[in-house]
Amino acid sequence: MDHETVNGEKTLDGWRRQIDALDTELLRLLNQRAAIACEIASIKVASGLAPYDGNRERQVLANVLENNPGPLDQQSVTDIFSGIIRETRRLGTERMQEQTGETATRRQS
């Protein structure tokens, strides 16, 4: 059954195509979020701030939990966003280390 609908209902292939499109959009948004995290890392380096801000992480989690309409439960949302935060923090920390190393190299020159 390769048809989009059977008797007016979406087929398995139709639902899967919709999931694939959503996954592509999620990936685009996650990469956009990661790019912003790298910009924040640059600001933190310039301002002498620490890479990790536990208060901000708690704010992000509280915000997504408050705005969660379901069907994902609160624990699922916490787990998903904790992973997103962890990976963007890792990327931001790497960026900070690169920039800090560049700054130290420029000072030595």
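Mentor: Start with one term: a contact means heavy atoms within 4.5 Å. Among contacts in this protein between residues at least 6 apart in sequence, 53% join residues at least 24 apart. Keep in mind that this is a predicted model.

Trainee: What is the mean pLDDT of the protein, then?

Mentor: The mean pLDDT is 88, and 86% of the residues reach 70 or more.

Trainee: Which elements have the lowest and the highest mean pLDDT?

Mentor: Strand 1, residues 5-6, has the lowest mean among the elements, at 66. Helix 2 has the highest, at 96. Where pLDDT is low, the predicted coordinates should not be read in detail.

Trainee: How many helices and strands are there, and in what order do they run?

Mentor: There are 3 helices and 2 strands. From the N terminus on, the order is β-β-α-α-α.

Trainee: What share of the residues is buried?

Mentor: Buried residues make up 18% of the 109 in the protein. The accessible surface comes to about 8400 Å², and 55% of that belongs to carbon and sulfur atoms.

Trainee: What volume does the second largest pocket have?

Mentor: The second largest pocket has a volume of about 320 Å³. Of the 14 residues that line it, the closest to its centre are L26, L72, I80, F81 and I84.

Trainee: Which elements give two or more residues there?

Mentor: Helix 1 and helix 3 do, for the second largest pocket. By class, the lining of this pocket has 11 nonpolar, 2 polar and 1 charged residues.

Trainee: I also marked the bond from G70 to P71. Is that peptide bond cis or trans?

Mentor: The bond from G70 to P71 is cis, with omega near 15°.

Trainee: Where in the chain is P71 found?

Mentor: P71 is in the loop between helix 2 and helix 3.

Trainee: Last one, Q74. Which helix is that in?

Mentor: Q74 has its place in helix 3.

Trainee: Why is Q74 called partly exposed?

Mentor: Because its relative accessible area is 40%, and partly exposed covers what lies between buried, under 20%, and exposed, over 50%.

Trainee: Which residues does Q74 touch?

Mentor: Leaving out residues up to four places away in sequence, Q74 touches L65 and N68.

Trainee: And what separates the C-alpha atoms of Q74 and V64?

Mentor: Those C-alpha atoms are separated by 9.2 Å, and the two residues are 10 apart along the chain.

Notes. Residues are numbered from 1 along each chain as its sequence is written. This is a predicted model: local features need pLDDT of at least 70, side-chain atom pairs count only at pLDDT 80 or more; totals for chains, interfaces and linings use all residues. Side-chain values use heavy atoms; hydrogens and water are left out. On a 1 Å grid over the protein atoms alone, a cavity is a set of points where a 1.4 Å probe fits but cannot get out, and a pocket is an open set with protein on both sides within 12 Å along at least five of seven lines; lining residues have an atom within 4 Å of a point. Grid points are joined across faces, edges and corners, and a volume is the space filled by probe spheres set on the points. Helices (H or I, at least four residues) and strands (E, at least two) are DSSP runs, numbered from the N terminus. Ala, Val, Leu, Ile, Met, Phe, Trp, Tyr, Cys and Pro count as nonpolar, Asp, Glu, Lys and Arg as charged, and the others, Gly among them, as polar. pLDDT is the predictor's confidence in each residue, from 0 to 100. Buried means under 20% relative accessible area, exposed over 50%, partly exposed in between (1.4 Å probe, protein chains only). Accessible areas come from the Shrake-Rupley method with a 1.4 Å probe; for residues, only the protein chains shown count as cover.
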